[in-house]
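Let's take a walk through this model together. Please keep the sequence and the 3D view side by side as you read.

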Amino acid sequence: MVHYKILIVDDIVENIQTITRFLEQFHPEYRLFQATGGASALDLVRSVPVDLIISDWDMPGFSGIELVKALKEDTRTRHIPVIIVTGVMLSSEDLDVALSAGAFDFIRKPVDPVELSARTNSALACVSMHMIEIDQKNRELDEKALILVKNNEFNIELAKKLARLAEMAETNMEATAFIHKITGEIDQKINEDNWQHFEIAFQHVHPEFSRNLVKQYPHLTRGELKHCVLIKLGMNIKDMASILYQSPDGLKVTRSRLRKKLQIANDISFNTFLSAF
């Protein structure tokens, strides 16, 4: 049984209590959270990963529609579906405004418990499908990363053998030059060709990560961006070294310099920092 987390947002506590009671009646397994305004709801979802938000439209200071727009602007929260509840904005034009802003669904007050349950189930079914899709993409990305590691490990060993062969054939200038040419082509394949295929797969799963990171830190080099991509995936130092064609010790030095360049506080992990992009 999936214990979905649902945030209920309304500036009137009695309305929160009503929706809470209805949800508990049909789905006692849900974990319910409460917020009495759009701003406090936004703060909460940035620290607690909820699966669904049920929000009133007409709230002072920060309306439900403004909450939807703020959620959609943040890569960490844009996937959360929002059901807008209203007793004032009841026309079809209002429905269009809510859906155009990015709301998943729309419920009119007074809230009917059966309708609330049905619409909540529909939203959470989409959440479940989204989670399955993301999980599948992540598994595929992990497989591509593993293939990239294995290919690069093979290429690195092959380059070492060719270097040894070049030493053995150093008296034959033509053979030595040919071996160095092959080695150079292998180096290029290690550094770019395999990475390009992997990068395409990564962008399918995390389409805005690199763009958002470069937008905030435009002076990142190509190599530093690669480093961040692999950290984002939670890859270990050994596999990263194979992919980036660096030694593990050299990679640690690069990571230390990159932390300083990005001004990451000592008490924040690299993974946590990159999760915001």
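**Salt bridges, helix faces and rings**

E115 counts as partly exposed, because its relative accessibility is 26% (buried means under 20% relative accessible area, exposed over 50% and partly exposed in between, with a 1.4 Å probe and protein chains only). Before we go on, note that this is a predicted model, in which local features need pLDDT of at least 70 and side-chain atom pairs count only at pLDDT 80 or more, while totals for chains, interfaces and linings use all residues. Residues are numbered from 1 along each chain as its sequence is written, and side-chain values use heavy atoms, with hydrogens and water left out.

The side chain of E115 meets that of R119 in a salt bridge, 2.8 Å from N to O (a salt bridge is a side-chain nitrogen of Lys or Arg within 4 Å of a carboxyl oxygen of Asp or Glu). Both residues lie in helix α5 (residues 113-168), 4 residues apart, or about one turn of the helix. Helices (H or I, at least four residues) and strands (E, at least two) are DSSP runs, numbered from the N terminus. An α-helix has 3.6 residues a turn, so residues three or four places apart point the same way. R119 is partly exposed at 27% relative accessibility.

The whole structure holds 8 salt bridges. One of them joins R78 and E208, at 2.5 Å from N to O. R78 sits in the loop between α3 and β4 (82-86) and E208 in the loop between α6 (173-205) and α7, so this pair ties together parts that are 130 residues apart in sequence. E208 also forms a salt bridge with R211, where the closest N and O atoms are 3.8 Å apart. R211 is exposed, with a relative accessible area of 55%.

Leaving aside residues up to four places away in sequence, D51 touches Y4, K5, I80, P81, L124 and V127 (contact means heavy atoms within 4.5 Å).

Helix α2 has G38, A41, L42 and V45 as its buried residues. Seen down the axis of α2, they fall within an arc of 100°, so they line one face of the helix; the arc is that of the directions from the helix axis to the C-beta atoms. What covers these buried residues includes β1, β2 (31-35), β3 and α3 (64-73).

Finally, look for the aromatic rings. There are 5 aromatic pairs in the structure (rings of Phe, Tyr and Trp, the last by its six-membered ring, pair if their centres lie within 6.5 Å; planes under 30 degrees apart count as stacked, over 60 as edge-to-face and the rest as tilted). Y217 and F273 form a tilted pair, 6.2 Å centre to centre with 55° between the planes. This pair links distant parts of the chain, 56 residues apart, with Y217 in the loop between α7 (209-216) and α8 (222-232) and F273 in helix α11 (residues 270-274). Both Y217 and F273 are buried, and together with F277 they form one aromatic cluster.
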